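Biologist: Please take me closely through a single part of this model, and then follow its connections to the surroundings. I would like each term given with its cut-offs.

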Amino acid sequence: MNRVYSGKTKDVFALDNGNYLLKFKDDCTGKDGKFDPGENSVGLTIEGVGDVNLRMSIYFFEKLNAAGIRTHYVKANLDDTTMEVIPAKVFGHGLEVICRLKAVGSFIKRYGEYIAPGTDLPAYVEMTFKNDAKGDPLVTKDGLEVLGVMTPAQYDAIKEMTRKITAVVAGEMKARGMELYDIKFEFGYDAEGKVMLIDEIASGNMRVYKDGEYIDPMTLSKLFFA
C-alpha cells in the first residue's frame with residue numbers, strides 16, 4: 001500500500017483496486033488536553049478511540065447505504081482498524097459541514113449575544129474550510145460558487161443529505177436515551193460530480209448529551225453499543 005495522506009485522526013492509503021484504505025488513529029481534536037470536535041488540531045490521544053470510531057462509522061455507513069444515501073463506504077476490518085472506501089474528490093482543499101440542533105460550541109462563541117446556550121436550532125447547516133492557520137473560516141453558498149469550490153446544486157444536495165443523516169444519527173441517540181447537539185461531516189464527489197458522504201461518522205465528530213451532561217467520545221461509544 002502507498003500512503004497518500006496523513007491526517008489528524010486517520011491515514012489514507014491507495015489500494016491496487018483503485019479504492020482507498022483509511023487507517024483510524026487514536027488521536028482526537030481538542031485543546032489543552034480536552035476533547036473538542038470543533039477544534040482544528042489534535043489535542044489528545046485516547047487509547048482505543050480509533051477502534052470505537054470505526055465501529056460507529058460501520059454502523060451508520062451501512063444504515064445510510066441501505067437507505068439509499070450515497071457514501072464512500074465499501075467495507076471495514078476491525079482487526080486492523082481500517083475502512084475501504086471508493087475514490088472521491090474533496091471540495092476545494094477540504095470542507096467541513098456542521099449540522100447544529102442546539103446552540104453550543106463555536107456557534108455560541110460567534111453569536112452568543114443573539115442566542116442563549118442550549119437553544120434549539122432547526123438542523124442549522126454551516127460549512128467551513130479546513131484551514132488550521134485561518135481557524136476553519138465559515139463560507140456561504142454564494143462564496144463557494146464564486147470561488148469555484150462547488151455548484152449551487154452540489155451545495156443544495158449536501159445540505160439536504162446533511163439534514164437526513166443528522167436525523168438518522170439523532171434518532172439512534174434518542175433511542176438510547178441521549179441527545180445529539182451537533183455533528184460534523186465531510187462530503188466529496190465522484191467523476192460525475194455526484195455528492196457522497198466521506199470520512200467517518202463517529203463519537204469524535206459529534207456532541208452528545210445525556211440528562212443535560214456532555215458525554216465524552218469513549219463513554220458515548222460504550223453507551224451506544226451497550
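Modeller: Just after helix α4, Gly-177 adopts a positive phi of about 80 degrees. This is a predicted model, in which local features need pLDDT of at least 70 and side-chain atom pairs count only at pLDDT 80 or more, while totals for chains, interfaces and linings use all residues. Residues are numbered from 1 along each chain as its sequence is written, and side-chain values use heavy atoms, with hydrogens and water left out.

Helices (H or I, at least four residues) and strands (E, at least two) are DSSP runs, numbered from the N terminus. Helix α4 covers residues 152-175, and its 24 residues reach 35 Å from the first C-alpha to the last, close to the 34 Å expected, where the expected span is 1.5 Å times one less than the number of residues. Among the buried residues of α4 are Tyr-155, Ile-158, Met-161, Ile-165, Val-169 and Met-173, and Gln-154 and Glu-172 are buried as well; buried means under 20% relative accessible area, exposed over 50%, and partly exposed in between, with a 1.4 Å probe and protein chains only.

Next comes strand β13, residues 179-189, which is largely enclosed by the rest of the structure because 9 of its 11 residues are buried. Two strands are said to pair if DSSP finds at least two bridges between them. By that criterion β13 pairs in the antiparallel sense with strand β10 (residues 95-102) over 4 bridges, and with strand β9 (residues 89-90) over 2 bridges. Ile-183 of β13 is the bridge partner of Cys-99, and Ile-183 also stands opposite Met-206 in β15. The pairing of β13 with strand β15 (residues 206-210) is again antiparallel, over 4 bridges. Towards the other end, Gly-188 in β13 stands opposite Val-90, while Phe-187 faces Leu-197 in β14. Strand β14 (residues 195-198) is joined to β13 by 4 bridges in the antiparallel sense, and the two strands form a hairpin with 5 residues between them, where Gly-193 in the turn has a positive phi of about 85 degrees.

Asp-190 forms a salt bridge with Arg-70, the closest N and O atoms being 2.8 Å apart; a salt bridge is a side-chain nitrogen of Lys or Arg within 4 Å of a carboxyl oxygen of Asp or Glu. The pair links distant parts of the chain, with Asp-190 in the loop between β13 and β14 and Arg-70 in the loop between α1 and β7 (73-77), 120 residues apart. Asp-190 counts as buried because its relative accessible area is 18%, whereas Arg-70, at 36% relative accessibility, is partly exposed. A search of the whole structure finds 20 salt bridges.

Leaving aside neighbours within four places in sequence, Ala-103 is in contact (heavy atoms within 4.5 Å) with residues including Ile-108, Ile-115, Pro-117 and Leu-121.
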